[in-house]
Amino acid sequence: MHGKTGGVLGGNEVIRIAICDDEKYMSDHIKAMASDFFRRKNMEITILQFSCGDELLKYGKQVDILFLDIQMKGTDGMETARRLRERRFRGFLIFITVLKEMVFQSFEVQAYDYLVKPIQEKHFEKTMERLVGSMQDASEASLLIQKGYESRILSLKEIVFCEIIDRKIYLHLTSLEVVDYYDRIENLETKLDSRFFRCHRSYLINLMHLKSYKNGVAYMEGSKEIPVSRLRSKEFSGVILQYMKSM
């Protein structure tokens, strides 16, 4: 099963929604609210319903929005989400839960939001309004980050470089804003594309914003100087050439 964060709003594509919950009345309730919400937005959707995590994992097609119950018999929602992310699932993930405490684990699987049972329509609407805005922002290559209960989508082209200090990642943007959140640089690396290069154990740079490279220093847009480790300097020269050829 795969999906791409965003992109579905670029044309007249149908938004694919999946609901995975072992309680049929809850699944039907979410389906009714989603149908009503998108009908009012004049957006075309298709909704698929799954009664367990294993059934969802067997489904091989793209999904743009996934409502996933955390507490299910068999493979629970958290484990299902982990497996989907390992398979490069890039859709928007919204957890359905009775326990707010479970949400802290959702950080590692990049959940966009969570809804607590019994789901109130006003909470559902608020989440969906935010999600539609995020889908519009994410019509190009983007990164979904989470800070506490807040989710944010950043376009990859606006990231100049990424820095890690004590388990915290700092994203330096073209706007000069710095966005910080907790994650491992190895996790971040898997979510970025070929324009990013790990030039040092603490830095990932966006080659789009590289101005020059000399004596182990990458000179970035905004007069930032980033160290390139000796181990990576030879590979870096080759990567720069390859990147320039592909432009």
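Arg130 is partly exposed in this predicted model, with a relative accessible area of 28%. Its side chain meets that of Asp113 in a salt bridge, at 2.9 Å from N to O. Asp113, for its part, counts as buried at 14% relative accessibility. Arg130 belongs to helix 4 (residues 121-137) and Asp113 to strand 5 (residues 113-116), so this pair ties together parts that sit 17 residues apart in sequence.

Salt bridges turn up elsewhere too, and the count comes to 19. In one of them Arg198 pairs with Glu186, the closest N and O atoms lying 3.9 Å apart. Another bridge joins the side chains of Arg195 and Asp193 at 2.7 Å, N to O; Arg195 is buried at 16% and Asp193 partly exposed at 30%. There is also a salt-bridge network, made up of Asp21, Glu23, Asp69 and Lys117.

Five strands form an open, antiparallel sheet in the order 10-9-8-12-11. Strand 10 (178-182) and strand 11 (196-200) are at its edges with a single partner strand each, so one side of each has no neighbour in the sheet. On average, neighbouring strands of this sheet are turned by 20° against each other, direction ignored.

Conventions
Residues numbered from 1 in each chain as written. Predicted model: local features only at pLDDT ≥ 70, side-chain atom pairs only at ≥ 80, totals over all residues. Heavy atoms only, no water. Pairing = 2+ DSSP bridges. Helix = DSSP H or I, 4+ residues; strand = E, 2+ residues; numbered from the N terminus. Axes fitted to C-alpha atoms, helices over the stretch in contact; angles between N-to-C directions. Salt bridge = Lys/Arg side-chain N within 4 Å of Asp/Glu carboxyl O. Buried < 20%, exposed > 50% of the residue type's maximum accessible area, 1.4 Å probe, protein only.
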